[in-house]
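Please consider the model shown below.

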Amino acid sequence: MLNPEFSSSDFMSMKSYFDKELMTSVIFAILGAVVGFASFLTNSPVLSFVIMLVVGAVSYFIVKLVAKIKQEKKWWAGNAFVVYVFVWLISWTIYYNIGLR
């Protein structure tokens, strides 16, 4: 049974919210994997960490402007930066342990 207080406009706003959430998560996951490989190529843990932070900060501003997402920093931290850091760390660790050189 449908809730009479839940209108179709509420559904569309929820749908666009989850579309933005999914889009940012996928973008930052792919970016984390690419930066993880680039960090592996530097062969320096400190430089790898700095690259990860710089690329993450720059991509935050680029995605925010291009996608026109107006959310607070807590939303960005949960949907973009945490995904980015974990994917970066996992991919960098895998590349580092395999030693693809």
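**Contacts around Trp88**

Beyond its neighbours within four places in sequence, Trp88 is in contact with Gly32, Val35, Gly36, Ser39, Ser48, Phe49 and Met52, where contact means heavy atoms within 4.5 Å. This is a predicted model, in which local features need pLDDT of at least 70, side-chain atom pairs count only at pLDDT 80 or more, and totals for chains, interfaces and linings use all residues. Residues are numbered from 1 along each chain as its sequence is written, and side-chain values use heavy atoms, with hydrogens and water left out.

The protein has three helices and zero strands, and its elements run α-α-α from the N terminus on. Helices (H or I, at least four residues) and strands (E, at least two) are DSSP runs, numbered from the N terminus.

One of the contacts of Trp88 is Gly36, which is placed in helix H1 (residues 8-42). Gly36 counts as buried because its relative accessibility is 0%; buried means under 20% relative accessible area, exposed over 50%, and partly exposed in between (1.4 Å probe, protein chains only). Not counting residues up to four places away in sequence, Gly36 touches Trp88, Ser91, Trp92 and Tyr95. Its C-alpha atom is separated by 9.5 Å from that of Tyr96, 60 residues apart along the chain.

The largest nonpolar core has 13 residues, and those with the most contacts inside it are Phe28, Trp76, Tyr84 and Trp88. H1, helix H2 (45-67) and helix H3 (73-98) each supply at least two residues of this core, and H3 gives the most, with six residues. Such a core is a set of buried Ala, Val, Leu, Ile, Met, Phe, Trp, Tyr and Cys residues joined through side-chain atoms within 4.5 Å.

The aromatic pairs come next. Rings of Phe, Tyr and Trp (its six-membered ring) pair if their centres lie within 6.5 Å; planes under 30 degrees apart count as stacked, over 60 as edge-to-face and the rest as tilted. The count by this rule is eight aromatic pairs. Phe28 and Tyr84 form an edge-to-face pair, 6.2 Å centre to centre with 80° between the planes. This pair links Phe28 in helix H1 to Tyr84 in helix H3, 56 residues apart, and both Phe28 and Tyr84 are buried. Phe37 and Tyr95 are also edge-to-face, at 5.1 Å centre to centre and 80° between the planes. Phe37 lies in helix H1 and Tyr95 in helix H3, so the pair ties together parts 58 residues apart in sequence.
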